[in-house]
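Here is a protein chain to explore together. Have a look around before you read on.

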Amino acid sequence: MIGANRLVIAAAGSGKTTYLVEQALKIRDQRVLITTYTESNEAEIRQKFFDLAGRIPANVVITTWFSLLITHGVLPFQGGVFDFPVRGMLLVQSQSAVRFVDRRGIAVCWPDNNIARHYFDPRGQVYSDKLAKLVIRCNERSGGAVIDRLSRVFPHVFVDEVQDLAGYDLDILEALARSRVRLLMVGDPRQVTYLTHNERRLARYADGGIAEFLQTLPQKLKIEIDDTSLNRSHRNSAVICAVSSRLFPALAATQACDCASCRQSPPAHAGMFLLRRADYAEYLATVRPMQLRDKITSRGVDPASPVMNFGESKGRGFDHVVILPTGPMQKWLADPQTALAAQSRARLFVAITRARHSVAIAMDWKAASLPPGFSLYERPAV
């Protein structure tokens, strides 16, 4: 890590969090900031420090992305752009600061020169989708003081799950890359199931395009893009790696790790299967997989057995999973040339790569031949 800005593209199950923590533990004489989008991933990073070192070193600070932006990007610079106190952040799921909707159905927002209305709700909370934009504005108004201060406090900034960042978040990454900070970014562009916000700015890079964005920056920033160091999965079998890699043919295919601890004999039930709906209940009782669905309203789930949404399962691992695919996912399985929307593609990838040993897709197959790598599940003979 030390010496250059770096993006490491990590395969599912490659030990990304372990790698990140090990890199941080190598730095003892300077402060290290580790930031990530979700609170669950922040907790996972903290736990990994205790697993590997028994503690979180005093020189390491772990925080979520939004907390970082509020604490170091807005609060210290309130007087430069606005003169009222910040009351925290309001998490929004859609476009904020909407003033009215015109006759065409297009939302018209308060202009960004109206600081109080564009960036804040009436209570003084920053809208989550405007937070990164506000940080950039504070940085510009202060002559770069936001990024300069951050780089002085934290000479090393690690960004985990970097593929979740979008819009003005990418401007912040660029500003950090231009500063004295040594920037380490780790993520998997195939797993964009969440985004910090849906911002029109730099939208072309929102669906896993972090490497493409970094490649547009000046070469003098010396951002190394490493797609080999974490390209082996310690979780997934070879057939699971092969099938999941077909979802993203433009990216290097993930390889199954061949180290001794990962080459232990698989259980009797292993592989990729298509599961008839008529066999679903028997499969749950026999294999005891984790059910993975698109959303809480998805049909076909057995509420008496464990179940998770695709996005919720991100970062988790299970011996066996059974996937209830959406209609577009079923069409892609039948014909991989069929277009699959970016979010559907990412969610199917996440679902498949949660499994260590077996993946079953619950759907009645009508085509003459099975997809490559799949078998049709057959009930064990009684």
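What follows is a short tour, from the whole chain down to single residues.

## The whole chain

First things first: this is a predicted model. The protein chain is built with 13 helices and 18 strands.

How much of the chain is buried? Buried residues account for 52% of the 382. Among contacts with a separation of 6 or more, 75% join residues 24 or more positions apart.

## The outside and the charges

The protein chain exposes about 18,300 Å², and carbon and sulfur atoms supply 49% of that. As for charge, there are 48 positive and 36 negative side chains. The centres of these two sets lie 3 Å apart.

Let's zoom in on helix H6, which covers residues 131–141. Nine of its eleven residues are buried, so H6 is largely enclosed by the rest of the structure. Just after H6 comes Gly143, with a positive phi of about 70 degrees.

Now try helix H11, residues 280–287. Which of its residues are buried? They are Tyr280, Glu282, Tyr283, Leu284 and Val287. Their cover includes strands S13, S14, S16 and S17. H11 is followed by Arg288, and the phi of Arg288 is positive too, near 55 degrees.

## Two buried residues up close

Asn236 sits in the loop between strand S11 and helix H10. Buried or exposed? Its relative accessibility is 4%, so Asn236 counts as buried. The side chain of Asn236 reaches the backbone oxygen of Thr353 at 3.0 Å. Leaving aside residues up to four places away in sequence, Asn236 touches Ala12, Cys241, Ala256, Thr353, Ala355 and Arg356.

Met272 belongs to strand S13, which spans residues 271–275. With a relative accessible area of 1%, Met272 is buried. Beyond residues up to four places away in sequence, Met272 touches a list that includes Val239, Ile240, Val243, Phe374 and Ser375. Gly208 is another story: 64 residues from Met272 along the chain, with 26 Å between their C-alpha atoms.

## Two loop residues with positive phi

Glu161 isn't a glycine, yet its phi is positive, near 50 degrees. You'll find Glu161 in the loop between strand S8 and helix H8. Glu161 is buried, at a relative accessible area of 11%.

Lys222 isn't a glycine either, and its phi is positive at about 55 degrees. Lys222 lies in the loop between helix H9 and strand S10. Why does Lys222 count as exposed? Because its relative accessibility is 62%, and the cut-off for exposed is over 50%.

Conventions
Residues numbered from 1 in each chain as written. Predicted model: local features only at pLDDT ≥ 70, side-chain atom pairs only at ≥ 80, totals over all residues. Heavy atoms only, no water. Helix = DSSP H or I, 4+ residues; strand = E, 2+ residues; numbered from the N terminus. Buried < 20%, exposed > 50% of the residue type's maximum accessible area, 1.4 Å probe, protein only. Polar contact = N/O pair within 3.5 Å; in protein donor to acceptor, adjacent residues only side chain to side chain. Contact = heavy atoms within 4.5 Å. Areas by Shrake-Rupley, 256 points an atom, 1.4 Å probe, with all protein chains shown as cover. Lys, Arg positive; Asp, Glu negative; His and termini not counted. Charge placed at Lys NZ, Arg CZ, Asp CG, Glu CD.
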